[in-house]
Structure formats: structure tokens, C-alpha cells
Amino acid sequence: MINARHFPLLSFALLLLSLRLSLATSPPQQDPETPVARFQKYLRFNTAHPNPNYTAPVSFLTSLATSLGLKTQTLEFIPNKPTLLITWQGSNPSLHSLLFNSHLDSVPAEPSKWTHPPFSATLTPEGKIFARGAQDDKCIAIQYLEAIRNLKARNFVPTRTLHISFVPDEEIGGIDGSDKFVKSKEFKDLDVGFVLDEGQASVNDEFRVFYADRSPWNLIIKAKGVPGHGSRMYDNGAMENLMDSIEVINRFRDSQFDIVKAGKASNSEVISVNPVFLKAGIPSPTGFVMNMQPSEAEAGFDLRLPPTADPDLVKKRIAEEWAPAVRNMTYEIIEKGPLRDYMGRPLMTATDDSNPWWSVFKQAIAAAGGKLAKPEILSSTTDARFMRQLGIPAFGFSPMTNTPILLHDHNEFLKDTIFLKGIEVYEHIIHALSSFEEANSI
Ligand SMILES: *[C@@H]1O[C@H](CO)[C@@H](O)[C@H](O)[C@H]1NC(C)=O
Ligand SMILES: *[C@@H]1O[C@H](CO)[C@@H](O)[C@H](O)[C@H]1NC(C)=O
Ligand SMILES: [Zn+2]
């Protein structure tokens, strides 16, 4: 038997070996001072609806910005709904500024449907970061700041001032968020000339860019009609009136969907109309009264209008065909945002030579070694519509290539390598846009 007391060197070596073994078996310690760690930290703030608490994430972002030597300002147009504004002062304040936007909130998550808790920001061995908001849109919030960090480290000084806004409530329509912000004196004082807002992931190696959003309308149609015994066949009952309308609306839906199916337009370029609720019947303790035809019935639809649609024509169609007064129908349209800018022009940003920002943006993507897909209309809606309404050019862009589109889905994730590449892309974008001087007059 070998006594360790007689072999002090051997026992020291054994001690080292056991230390190494225990280090290898305990979970790897993550350095908190990396871009990915800061991203995870931001993802761990639960800002999901219906009760997002913006206090902690705003103070986190404020201290991050302060540590980079950036100016911060918290605006509160509605109590407990802060807009955080971060500014990197340019050397020529007479030029219009740039605004990069990102929303603080997220949609809810159902934890039981997730492989990792949605606010854990778990980093898997393959580099996937799982969290609600990983794609929509907490990635860009941190990427903006990390890009500034890297540019500052290289002593880059912007010519144009760059502002970053972190706004509340985008996911519930932005009425208490961006809508209030763009209408404020503080926004006017920023003298914004160009906006970048969130986009969407791309499943291939081309970056996607969005020049317009579709505008959502909530449509509720109501039918009135003659009530009667469930056994009688007669004309003009409320249910019959409503179902006639649903048939007409469905034919219109098919006509739009056929255009998509034939490959003549993408989903976001047509008017979509989808039924979302039906309400009718006379309640009874066991369900509904079955032998009575009700005198009222209603249905709700989610409509999305691309900027190319004529809203007056759609309203005429609703009034004359979908809910005609001659069939005892009434309707209500709730428009969830503007469709035209302050000059009456469709809400879209030009992606040709008429827009000098477009070529600068395109060149920046190329300089970052990226490819840009054909510019698209976004199927859904973002805060960019509020800026476009003021006539300010705005693109939707989130630098995520080769990534499944998981916004609002279970198991939303972003790969660390894609996140880090995005920082580099923003370095090129900020460098190019903030050095661009020709567009002073627009
Ligand atoms: C929001 O969170 C902060 C701490 O981060 C807490 O002090 C505050 O009470 C919370 N607000 C609400 C309305 O829950
Ligand atoms: C409209 O409602 C009135 C009153 O209930 C009814 O007499 C008439 O037949 C209805 N017309 C249609 C087209 O439903
Ligand atoms: Zn979003």
C-alpha cells in the first residue's frame, strides 16, 4: 500500500486531478460580460402581456447605455408605460437624425408547451437561446447597443445623430406606445430622417427587409331579422341574413387567396379577411334554446389591408355587399392604425433610387457580407406605420438568416452565432447611415 504522506508530490497531483474532474463535471460558468450574456439577461425580464412590467428592463437598458457613454431619457406619456430614448450624438447636428426602434413588450407564452421555460433564456449546447422575445424583438434591442459598443471601441464618430427608442405596448397596437411617442414634442425635436424598426427571421441565407406593413381592421357585422319558431321556414331571419353575408365575404376571401395560390402575389400583398368569432343564439341552462330562430346575430372578422388597397373601396364593399342595410345588417370597422400618410399617400417606403437611404442601406448589407432578399410588405403590423404616417422613410429589418420563423410561437429561439452576426451587420448599417450626408434635404 502506498502511503500518500510519503509521496507529497503524488498527493498534490491527485488533488489537481480531482479538481479538474470536478470542474469538468459542474455546469460551465458563463461569463456575464459577453453580448450573449447581456442578451440573456434582457430576455429574462418578463415583459409579456397582459401585465408587462417595464421598470426593471428599462433600468437595465439605461445602465447599459450609460456604461457606453450614451445619453438616456425616459419619457412617460402614460403612467407605467415608459419609452426609453438613447442618443449617440453625431458630429453634425444639422443633419436629420436616425432612429432605430425596438419594443419592450412581448406576447404571452404558455410555459407548458415549451421545452425550456420561456423566460429562462436557456443557452443549449448547440447555441440556441430559448426565450419569448428572442426573435420578437429583444434581439435587435441588444444588437443596436452592442454595435455601438464595437464602433466606439474603434473610435468611430457618427456624423448623423443616432437615436434608439425602446417603446412599450407594440404587441397590443402601440396606442400607448409609439403612437403617443411620434405625436410628442420630444419626437419632433429629434428631427428624424430615417427609421429602422423590427423585421422578421429568414429561413434561408438572405436577409429580409420590409417597406410596408398591412393595416389591420376589426370588422363586426350584425344582423337583425324576424324571430320565429325553429320549425318554420321563412325569409329574412337574422341567422339567414348573417349567413348570406358570410358567404359573400368568404367568396371575396377565396378570390384573394386564389391570387396567392396562383403565385401572382404574396400573402402580404392581398387583402386578407378571416372570421374570428360568431355570436348568436338564445342561451338556455343547458346550452342554447333549440326551437327558436334568434332575432340578432353577429360575426367578427380580422381584415388586413396592404398599402396598395384603396380603403374607400373596401368600405364601399362592406357597406353594399358584406353588411347591406337592405338586409337589416349593420357594421362597425375599428381601424387599428393609419393607411395613408399625412399627405394622403399609401404608407410605404420606396425601395428604388428615389429613396437615397435605400441604396445606403443595401450597400451596408453587402459590406457586411450579406445578401438582401426582394423587399416585402409585412403580413402583420409594426410600429413603423406610425413613423411612415409622418412621411418618414422606415424599413423593417431584423438580421436573422437561416432561422425558423418563431415569433409568437412556442419554443421561440435564436442561435448565438446568428445573434452575433447581427451585431456586425448593425455595425455596418450604423457606420454607413450615420456617415451619409447627402440626404439632408429629405
Ligand atoms: C414593477 O417592478 C418593479 C421592480 O422591478 C417593482 O418595484 C414595481 O412595484 C412593479 N410594478 C408593478 C405595477 O407591479
Ligand atoms: C328587416 O327587419 C324588418 C323588421 O324585423 C323585417 O320586417 C324585414 O323583413 C327585414 N328585412 C330583411 C331583408 O331582412
Ligand atoms: Zn415585434
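Student: How do the residues of the shell around ligand 2 divide into nonpolar, polar and charged?

Tutor: This is a predicted model, in which local features need pLDDT of at least 70 and side-chain atom pairs count only at pLDDT 80 or more, while totals for chains, interfaces and linings use all residues. Residues are numbered from 1 along each chain as its sequence is written, and chains are lettered from A and ligands numbered from 1 in the order in which they are written. The shell around ligand 2 holds 1 nonpolar, 4 polar and 2 charged residues, where Ala, Val, Leu, Ile, Met, Phe, Trp, Tyr, Cys and Pro count as nonpolar, Asp, Glu, Lys and Arg as charged, and the others, Gly among them, as polar. Ligand 2 is surrounded by K224, G225, V226, N236, N241, R327 and N328, a residue being near a molecule if its C-beta atom, placed from the backbone, lies within 6 Å of it.

Student: Which residues does UniProt list for "binding site"?

Tutor: The unreviewed UniProt entry lists H103, D136 and E198; such positions are given in the numbering used here, feature names are shortened, and annotations may be inferred rather than shown by experiment. Although these residues are spread over 96 residues of sequence, they cluster in space, with a largest C-alpha distance of 8.5 Å.

Student: What makes H103 count as buried or exposed?

Tutor: A residue is buried if 20 or more other C-beta atoms, placed from the backbone, lie within 10 Å of its own, exposed if 12 or fewer, and partly exposed in between. H103 has 28 other C-beta atoms within 10 Å, and is therefore buried. H103 lies in strand 3 (residues 97-103), strands being DSSP runs of E of at least two residues and helices runs of H or I of at least four, numbered from the N terminus.

Student: And why is E198 called buried?

Tutor: E198 is called buried because 24 other C-beta atoms lie within 10 Å. E198 lies in the loop between strand 7 (192-197) and strand 8 (206-207), and its contacts (C-beta atoms, placed from the backbone, within 7 Å) include D136 and S398, not counting residues up to four places away in sequence.

Student: How many bridges join strand 10 to strand 16?

Tutor: 10 bridges join strand 10 (residues 215-224) to strand 16 (residues 296-305), and A299 in strand 16 is the bridge partner of I221.

How values were computed
Contact = placed C-beta atoms within 7 Å. Pairing = 2+ DSSP bridges.
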